[in-house]
Amino acid sequence: MNDQIEERDDFFLEVTRRDLLKGAGALAASLGLASLGPVAASAAVAPKKGGTLKVGIVGATTDIIDGQYLVSLPDILRLNIGWEAMMNYDDKFQASTEHGLAESVELVNPSKYIVKMKKGVVFHNGKTMTMEDVIYSWQRLVDPKLPGTKAMAASISPTGVKKLNANTVVMNLNKPDVEWVYRLGTYANSIVPVGYTRTGPQVGTGPFKLKSFTPGVESTHVRHKNYWDSGKPYLDAIKVINFSGSDALVNALSAGQLDVAVNVPAALLPVIKRNKKLKVVSNSAGKIAPIVMPIDEAPFNDKRVRKALRMIIDRKKIIKQALSGQGTPSNDDFSPVDANFNANGYRIKQDVKGALALLKAAGYSKAKPLKFTLWASDDNYPEYAKAFAEQVNSLSGGVAKVEVGIPADFWDSKYMVKNVGAYTTYWNAKPYLVQVGQMLDTYDETHISPKGVNTPYRRWFEQANAEPDPVKRRALVKKMQAYHHENGGYINAFFLNVLDAHTTKVQGIVQRPASLQLDTFGMHFKRVWKA
C-alpha cells in the first residue's frame, strides 16, 4: 500500500483508530468518497429469498479453487463464497466472531489462546464440524509439503492446536503474538474438513457450496441448506463469470448480463454512473498496489536507486492519471486502519532534483541510464505501472528508462521470481503487524528480512508481537516503520479506493472499511439478496 499534497498533506498523519471507529461514513468522507453516495442495506425492506446472483470478474485460465490458498482476485472471491475462518472483521475493523466459526477466543497469554467453536456447523458434504477438522485445517495451513499454503508456519507448528473438548481447542503458538485474533480473521486461514485437498471435493462451511468450476470460464455455487447462520443465505445460487478485461466486464454489467462487477477500474466510473440502474461501492480501508523492488537484486540493491524512484514521481498526478482520482496519497507506508499507522509522521515530497542527484551518485547518466522492466498484471492496475514509467522516463531526462511488461501469465512467470526485476503487487487492508508477518514469511516480495537473518526489522517485529502494552508496542512499531522507510523495497504511492458495481436490484451490501471488496463480498454473500 508524496505528500506534495498541500491541503491533503496532514490527513493520514492524523488518522487514528479512534477516528476510524467513528464509522465508515466518516472515513469515506475523509477520503473524498462522499460523491459516490452511500450504498447500504435498506433496514426498511425485508430480505427476499431466492434467485441467482451473477458476479463478473476479470480472471484467467490459471484461476484455482482452494479453501486455504489463493493467487489472484478471482481465487479470493471463490474462496470467500465457500469457506470461512474462525473470525472476521466487524464494522469497526476489529476482529470479531460475529461472522466467523469461533464462538469465543480467550487470550491466556500471548503464546496461548483458547478457542471455543460454534456448535452445529455443518460442512457442504453434510458432516458436522469437529475439533479434528479444526486441527487438520491448521496442520494443512503450515504443511511444508504443500506449496502455497503454510501461511502460518512461523506462528504455529503442526502440533500446536490441541483438542480440549468437543467444541474447544487450545492454540499454543511458536512465539508470542498479541494480535493472533487478527490472524484468525484472515480469510485464507479457513476451516476445512479432515482429508481436504485441492484436487478432491471442494468442501467448506460457507453459505454456498461449489457445484461446478471451469477455470477461466465460470463457477456455480448453490445455497448450503445446512448453513449455521440461521435464515441465511438468501440467494439460491451464485454464478461467477470470468472476463478477459475490464471493458468487457463493465459492458456486461451495463447491458444487464451481470448483477455485480468486481474490481471495476476508476476510468470506467463515468460509464457506470451514467446508468441509473447501477450503483458503485467504494471500499476505503487501505488497499495498496505497491511496486516491488527486491532490495538484494540489481539495480535495486543500491538504496540510492530505490530512494530516487520514490522521490521523482508526482503521486497526486499518478492518482489522477491512473486511478481517475480514486485514491489517496501514501508515504510508502501501509495499514491506515491500524492504531499505529505512520507513527513517525513521514511526508515524502516530490523532489526531481534530489532524485537525479541520487541517480548520479549511483553512477547513472544519460550515457549510462538506469534501465529496468516494470512487470505488471492486467488485473492489478496496469495503468499505474504505465503512469509510473511515463513519469520516471520524462522527469529523469533520459537518466532512467523504464519499460512496462504486462504478460498474460504474470502471477506464474514474474511474481516473486528471482532476478525478475521490479513488479507490481497488491495487498488488501490488514492491521500493521498482521501485514508485516505475511510480508516476511509468506509473500517475501522485497526480501527485507529473509528467514534466518537476524535483522533489526525482524527482531522488532517479534518483540512487538509479544508486547501486550500498547504504548511499548507502538514504540517498537515506530522503529519498524523507520527501518522500512529507510531500507524497504516498496514504492507505495497511494491507498486505493477499491471499486465495485452492482445493479440497484442487489441489496444487502454495506459500504464500510472492509478487508475485501464488496464488504468482504457481502460477508461471503450470505446477507445479499435481489429485490
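Trainee: Why is strand β7 (residues 168-172) largely enclosed by the rest of the structure?

Mentor: Before the answer, please note that this is a predicted model, in which local features need pLDDT of at least 70 and side-chain atom pairs count only at pLDDT 80 or more, while totals for chains, interfaces and linings use all residues. Residues are numbered from 1 along each chain as its sequence is written, and side-chain values use heavy atoms, with hydrogens and water left out. A residue is called buried under 20% relative accessible area, exposed over 50%, and partly exposed in between, using a 1.4 Å probe and protein chains only. Strands (E, at least two residues) and helices (H or I, at least four) are DSSP runs numbered from the N terminus. In β7, 4 of the 5 residues are buried, so the strand is largely enclosed by the rest of the structure.

Trainee: Which strands pair with β7, and in what sense?

Mentor: Strands of a sheet pair through backbone hydrogen bonds, either parallel or antiparallel. Two strands are taken as paired if DSSP finds at least two bridges between them. Strand β5 (residues 112-117) is antiparallel to β7, with 5 bridges, and Ile 114 stands opposite Val 170 of β7. Strand β6 (residues 161-165) is also joined to β7 in the antiparallel sense, by 4 bridges, with Val 161 having Met 171 as its bridge partner. Between β6 and β7 lie 2 residues, and the two strands form a hairpin.

Trainee: Is Val 192 buried or exposed?

Mentor: Val 192 has 0% relative accessibility and therefore counts as buried, although Val 192 is found in a loop, the one between α6 (180-184) and β8 (208-214). Contact means heavy atoms within 4.5 Å, and, leaving aside neighbours within four places in sequence, Val 192 is in contact with residues including Trp 83, Phe 123 and Tyr 136.

Trainee: Which residues touch the most other members of the largest nonpolar core?

Mentor: A nonpolar core is a set of buried Ala, Val, Leu, Ile, Met, Phe, Trp, Tyr and Cys residues joined through side-chain atoms within 4.5 Å. In the largest one, which has 58 residues, they are Leu 53, Ile 238 and Phe 525. A second, separate core of 39 residues includes Ile 313 and Phe 494.

Trainee: In what order do the strands of the open sheet containing β13 stand?

Mentor: The 5 strands follow the order β16-β15-β17-β13-β18, with mixed pairing. At the edges stand β16 (400-405) and β18 (490-491), each with a single partner strand, so one side of each is left without a neighbour in the sheet.
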